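Subject: Structure for you to look at

Hello,

Here is the structure we talked about, with my notes below it. Please open it alongside the text and follow the residues as you read.

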Amino acid sequence: MALLEVRDLSVTYSPRDSAAVRAVDRVSFDVHEGEFVGLLGESGCGKSTLGTAVLRLLDRPAAITGGSIRFDGRNVTTTPEDELRSLRWVDLSTVFQSSMNSLNPVITVRHQFADTFEAHPDAFGNKQGKGLDIGARAGELLELVALDRSVLRRYPHELSGGMKQRVALALALALEPRLVLLDEPTTGLDVVVQRDILDRLRELQARLGFAVLFISHDLGTVMELADRVMVMYAGEIVEDQPAAEMVTRHLHPYSAGLLGSYADPRDEVVKVEFIPGRPPDLSQPQQGCRFEPRCPVAVDTCRTVHPELLPAHLGEVRCLLVEQATDPRAVLDKAAALRSRDQVFAAGAEARIAAEPVLVMDGVRKVYKTRRGLSPTVTTAVDGVSFALRPGQVTALVGQSGSGKTTIARLLTGVERPTSGTIRFKDTAVDQLGRRALRKYRRHVQLVFQDPFSALNPTRTVAYALSRPLRNHLGMNAAQARTRAAELLETVGLSPAEQYLDKLPHQLSGGQRQRVVIARALAPEPELLVADEPISMLDVSIRAEIVALLDKLVRDRGIAMLYITHDLLSARLLADEVMVLNHGVMVERGPTLEVIGQAKDPYTRTLLAAIPRPGARQLT
Amino acid sequence: MTSIDTEGVRVTALAAGRVSRLPGWFVILWRNRKCRIGLVMLAAFVAVAVLAPVVAPYGPRVDEFAASTGPSGAHWLGTTARGEDVFSQLVYGARTSLVVGLVAGLLTTVIAVAVGLTAGYLQGVVDEVLSFFINLGLVIPVLPLMIVLAGYAPVKGLGLIIIVITVTGWAFGARIKRAQIITLRTRDYITAAKFAGDSTARIIAFEIVPNMISLIVVGFMGSALGAIGAEAGLAFLGLGDPQTTSWGTMLNQASLGGALTTGQWAWLVAPGLVLALLITSFTLINFGIDALSNPHLRED
């Protein structure tokens with residue numbers, strides 16, 4: 001008997017204002033004692049809903065509408081709330097993406113542990129009787145997650161995001177649970193920190209022997225960590241294989257598509273693929289295979305016959321072609337051949353010809369003085385940085401959080417002025433612009449934001465967002481602006497544009513929103529584009545798509561772009577030149593392949609090591 | 001009132017509105033049972049106030065009846081010590097309360113929004129100066145100030161009462177709006193609007209205010225509620241305008257006219273009761289407004 005047995009589980013959202021959506025559709029799977037299981041899928045495929053259902057934490061309008069969940073033989077679906085309480089955390093604990101915000105801000109870390117032990121007097125900590133030394137036990141737990149014991153005395157606001165997430169993980173392990181559910185536990189953290197936490201997690205799991213259900217859209221990480229990987233699409237599990245098999249011998253075309261988003265940036269030629277289109281609307285009845293509209297190898301029967309999850313190879317696959325084929329791998333080889341060119345984005349090794357720079361930063365230094373108490377603190381955010389941006393070229397700026405990347409962006413856009421040094425945009429001295437001149441300058445310099453969800457005003461339509469720069473900077477009237485807005489949408493691949501003009505941001509997917517953000521940045525016909533981690537909030541499967549779009553726009557329009565990122569793979573794909581920043585000092589700079597291929601700086605090496613390489617663990 | 005999702009409100013309101021023909025915010029309010037009751041009650045009060053000449057059997061100042069009589073067929077709630085019909089006064093009094101609530105509520109909200117938004121968006125010296133006045137408005141004891149203003153003002157009348165209530169009531173709303181705008185102004189879309197060349201005034205009016213509508217409505221409801229209570233209180237203390245018929249002046253006269261000693265309970269209880277009912281209707285509507293600003297309350 002498995003530790004967790006999920007059988008035919010269905011979860012339906014039935015909100016009052018819209019049609020019911022079956023987010024999880026007759027899903028069955030097992031998690032065995034001590035097993036590390038990954039659950040993968042794009043956003044909106046139902047993986048988090050499934051996780052919440054397992055914890056029985058679903059909130060209205062979502063509800064379990066069928067099937068059962070058995071944990072250690074107990075039927076969790078019908079257990080009364082009171083009995084569940086003794087099960088939760090003791091046997092079944094969790095870390096969410098936002099768990100770092102789940103720490104109570106007004107009590108110390110020690111107190112949070114004390115609360116946990118107190119709430120479960122019969123659980124592990126108190127088995128030896130009443131004399132449990134909370135400090136000692138909590139200290140042990142913190143050491144497990146590589147935190148110092150002194151953290152116990154601190155309040156959550158005194159800890160960084162990564163530290164808080166470690167505390168959340170330590171709390172989840174406090175009562176030695178048998179299953180830990182991790183829902184994107186490191187998304188939103190610095191890549192290096194993320195790497196560190198996940199490595200630690202795997203180590204702990206092997207040592208303490210708890211089972212893990214790890215939910216993530218980041219396939220690279222999951223495959224590296226997990227024993228077994230399940231891929232979810234549109235509310236169904238489409239493939240379930242041991243992780244090692246999944247890397248090299250996956251069978252479902254969707255898994256193949258997801259895996260295509262990964263490559264090693266050190267290769268001579270880097271190639272990534274993406275899956276065009278969006279998951280289906282689950283409020284409509286589904287016929288046939290749900291992946292069929294996006295599937296490169298779909299045949300006619302796929303449209304009408306809904307495939308079942310059937311044993312194939314070492315696991316299970318839900319695909320008609322695999323079912324019928326004698327050699328299932330042949331299907332995928334066919335898929336690879338069929339994938340059209342616009343689905344693949346490749347970067348070769350060739351360098352581009354240098355043009356006259358449009359912006360030159362020379363010996364720029366920025367010092368912040370903050371007065372805290374009696375002694376003023378001086379922070380040098382940027383120290384003696386010089387570079388030039390050229391039309392039609394992309395310069396990547398790589399560095400850890402707090403290395404001064406954002407300060408450079410702020411200096412470049414005129415939001416702040418350098419303490420010393422000069423910034424020149426053609427003949428304009430950016431560091432000496434007045435208010436009015438700054439407004440004129442911004443016609444030439446535009447931003448692409450990191451978070452497509454906060455970069456668009458939720459109450460304003462796409463047409464409005466696009467029309468503002470057109471009317472202000474180019475002096476268009478309302479009708480002209482609307483026509484141009486439509487053209488811009490077509491440029492960024494949102495077509496037909498009429499369909500998108502009057503939509504509000506919440507009606508668009510993350511990728512679509514980011515396209516609108518890019519369209520808005522292009523509207524005043526800028527010569528310089530500053531993109532601050534434009535793909536880090538997007539699903540892995542559509543990142544390559546946005547990178548390809550940016551690349552095309554920059555080359556076609558001769559725009560100079562500063563690409564700020566953590567992600568060396570996308571830097572490799574997009575940038576001609578890479579600059580590495582560490583504590584405000586530029587430590588490495590040069591053509592992309594050179595910098596990445598022969599990284600000298602320790603930070604650059606750390607970043608390279610943090611890139612997930614599916615299958616790496618199994619190979620070494 | 002912490003962490004209100006003011007940005008989401010407009011969005012869901014728009015979504016809800018698309019399903020039916022009614023405006024989205026109304027659909028959400030109407031669905032909430034408590035709020036529905038409150039809306040019906042308020043609608044009844046408004047109807048009575050608007051149709052006062054039709055509903056009331058006599059004029060509010062007609063004093064030609066026998067003084068201090070108990071409830072009867074001709075005078076449902078009896079007559080005052082001066083021989084006026086209590087029921088008619090009650091009906092006309094609704095007008096005063098609602099007008100004060102509406103006008104003082106609006107004025108207070110306008111001042112609070114203007115001051116709060118300016119302080120929160122501009123920050124720096126402007127914020128320091130405006131925050132000083134906000135804090136001043138918050139720490140000054142309101143009741144004595146009201147009494148002094150109302151008692152010593154050279155002119156009497158409803159206008160004065162409204163001004164007194166507004167002057168003493170705007171600060172709290174301004175503080176809340178300032179706090180909200182400080183979180184909203186750091187959003188990426190505000191930076192984007194700056195890069196799109198929009199002016200500060202336009203950014204506030206078109207990018208920020210639409211995301212604060214629910215907070216502004218909540219503020220208005222609170223101010224209107226406070227204003228109605230304040231007017232009744234001032235009038236009861238004898239600081240109101242004796243020429244206006246309001247529930248406060250009725251209570252004041254009932255207590256002066258010895259309603260208790262003569263056993264005219266209706267004269268005393270009726271104005272207090274309707275006042276309580278009006279305030280209850282506002283409170284009930286506020287439950288619906290909570291649902292407007294917090295999507296989780298909406299699925300009931």
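Gly558(A) has a positive phi of about 60°, and its place is just after helix α19 of chain A. Helices here are DSSP runs of H or I with at least four residues, strands are runs of E with at least two, and both are numbered from the N terminus.

Before going on, note that this is a predicted model, in which local features need pLDDT of at least 70 and side-chain atom pairs count only at pLDDT 80 or more, while totals for chains, interfaces and linings use all residues. Residues are numbered from 1 along each chain as its sequence is written, chains are lettered from A and ligands numbered from 1 in the order in which they are written, and side-chain values use heavy atoms, with hydrogens and water left out.

Helix α19 of chain A

This helix covers residues 540-557. Its 18 residues should span 26 Å at 1.5 Å a residue, and the end C-alpha atoms are 27 Å apart, which agrees. The expected span is 1.5 Å times one less than the number of residues. Of the 18 residues, 13 are buried, and α19(A) is mostly covered. Buried means under 20% relative accessible area, exposed means over 50%, and partly exposed lies in between (1.4 Å probe, protein chains only).

A salt bridge is a side-chain nitrogen of Lys or Arg within 4 Å of a carboxyl oxygen of Asp or Glu. Lys552(A) and Asp556(A) are about one helical turn from each other because they are 4 residues apart in the helix. Lys552(A) is partly exposed at 47%, whereas Asp556(A) is exposed at 55%.

Other salt bridges

How many salt bridges does a search of the whole structure find? Over all chains there are 42.

One of them joins Glu176(A) and Arg137(A), at 3.9 Å from N to O. The pair links distant parts of the chain, 39 residues apart: Glu176(A) is in the loop between α5 (161-173) and β7 (179-183), and Arg137(A) is in helix α4 (residues 134-144) of chain A.

Arg482(A) and Asp502(A) form another salt bridge, at 3.1 Å from N to O. Arg482(A) lies in helix α16 (residues 478-491) and Asp502(A) in the loop between α17 (498-501) and α18 (510-522) of chain A, so this pair ties together parts that are 20 residues apart in sequence. Both are partly exposed: Arg482(A) has a relative accessible area of 38%, and Asp502(A) has 49%.

There is also a network of salt bridges in chain A, which links Arg22(A), Asp25(A), Arg26(A), Glu236(A), Arg290(A) and Arg318(A).

Where the chains meet

The size of an interface is often given as the accessible area lost when the parts come together. For chain B and chain A the buried area is about 2700 Å², and carbon and sulfur atoms give 51% of it. Buried area is the accessible area (1.4 Å probe) that two parts lose on being put together, summed over both. The contact takes 31 residues from chain A and 28 from chain B; contact means heavy atoms within 4.5 Å. Across this interface the rule finds 1 salt bridge. Arg468(A) and Asp198(B) meet in a salt bridge at 2.9 Å, N to O.

Chain B

Helix α5 of chain B covers residues 86-122. Its 37 residues should span 54 Å, and the end C-alpha atoms are 53 Å apart, which agrees. Because 26 of the 37 residues are buried, α5(B) is largely enclosed by the rest of the structure. Just after α5(B), Gln123(B) takes a positive phi of about 55°.

Ala67(B) is in the loop between α4 (52-55) and α5 of chain B, and at 41% relative accessibility it counts as partly exposed. Leaving aside neighbours within four places in sequence, Ala67(B) is in contact with residues including Thr79(B) and Arg82(B).

Val125(B) is in helix α6 of chain B and is exposed at 65%.

Regards
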